[in-house]
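Have the model open and follow along as we go.

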Amino acid sequence: MKKLLTLLVATLLLLAACGSNSNNEKVTIGIASNDSKAWEKVKELAKEEGIDLEIKQFSDYNVPNKALNDGDIDMNAFQHFAFLDTFKKEHKGTDITPIRTSVLAPLGIYSEKVKNIKNLKDGAKVAIPNDISNQARALKLLEKAGLLELNDDFGLSSSVKDIKNNPKNLDITAVDAQQTARALSDVDISIINNGVASKAGLDAKKDPIFLEDAKGDATKPYINIIAVNTKDKDNKTYKRIAELYHSDEAKDALKADTKDGEIVIDLKQDDIKAIEDSLK
């Protein structure tokens with residue numbers, strides 16, 4: 001009788017354990033190491049719906065797409081359209097597709113030494129992001145600020161080699177995008193996206209001495225995306241996770257985390273395709 005009772009208890013415990021996990025679907029998403037608060041909120045919301053969302057943080061922008069393509073993660077959310085387009089052109093065989101847009105983090109020119117961009121001295125030291133797409137974006141911002149003249153055919157994958165005229169002889173150094181805020185004390189100006197700036201304690205609205213215009217077609221390639229392997233683009237669970245990112249709770253978490261430094265963007269599929277087509 002005692003053995004029978006022990007067996008019955010063990011069976012009930014096993015069934016309870018199985019039942020508690022039977023509805024949980026595990027999904028792993030890769031994000032930038034400085035972009036976690038909104039996704040932590042998404043994780044909480046997903047858990048309520050039986051989705052076990054694991055968040056993997058990456059400090060190197062070159063890793064999350066490889067991890068996704070190799071099947072080490074199921075989704076990623078760290079890049080914009082232009083970055084993914086450049087990555088796919090450089091890594092043939094990569095088959096990654098955006099399923100939703102997330103945010104736009106405008107670029108700003110920040111300085112601890114200069115209060116007015118017009119007063120930047122000759123030979124000034126400048127830090128810009130080192131990945132190709134953001135490097136081109138930063139150089140365009142410098143041109144917009146009147147500091148450089150770029151070649152007529154300057155594109156999303158252009159670099160410092162495509163500077164036509166550098167009248168102030170700016171000393172431009174490319175560093176990891178997430179290190180642009182840390183470089184601020186070592187340079188005269190640093191070009192930092194507002195998400196990184198906010199995490200570094202900067203005020204993304206008040207501190208930039210020159211800011212990228214967040215409106216218009218020019219910034220569309222720099223809207224961030226939530227991406228999956230193309231074969232999974234219709235996966236309902238992945239789509240639900242992307243939808244939860246646009247919940248009021250996640251938006252509030254993002255706003256508090258970035259101090260309004262990032263702008264939530266939720267484009268329709270036709271608009272997403274139009275941006276992708278424009279980059280081909």
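Contact here means heavy atoms within 4.5 Å. Helices (H or I, at least four residues) and strands (E, at least two) are DSSP runs, numbered from the N terminus. This is a predicted model, in which local features need pLDDT of at least 70, side-chain atom pairs count only at pLDDT 80 or more, and totals for chains, interfaces and linings use all residues. Residues are numbered from 1 along each chain as its sequence is written, and side-chain values use heavy atoms, leaving out hydrogens and water.

Let us begin with helix α9, residues 269–279, whose buried residues are Ile272, Ile275 and Leu279 (buried means under 20% relative accessible area, exposed over 50%, partly exposed in between, with a 1.4 Å probe and protein chains only). Seen down the axis of α9, these fall within an arc of 65 degrees, so they line one face of the helix; the arc is that of the directions from the helix axis to the C-beta atoms. The face turned away from the buried side carries exposed Asp270 and Ser278.

What do the buried residues of α9 pack against? Their partners are tabulated here.

| Partner of α9's buried residues | Residues |
|---|---|
| Helix α4 | 81–90 |
| Strand β4 | 96–104 |
| Strand β12 | 223–229 |

The axes of α4 and α9 come within 10 Å and cross at roughly 45 degrees. On the α4 side, the contact is made by Phe81, Ala82, Asp85 and Lys89, and on the α9 side by Ile272, Ile275, Glu276 and Leu279.

Elsewhere, Ser198 is found in helix α6 (residues 194–199). Ser198 is buried, with a relative accessible area of 2%.

Technical notes. Axes are lines fitted to C-alpha atoms, for helices over the stretch in contact, and angles run from 0 to 180 degrees between N-to-C directions.
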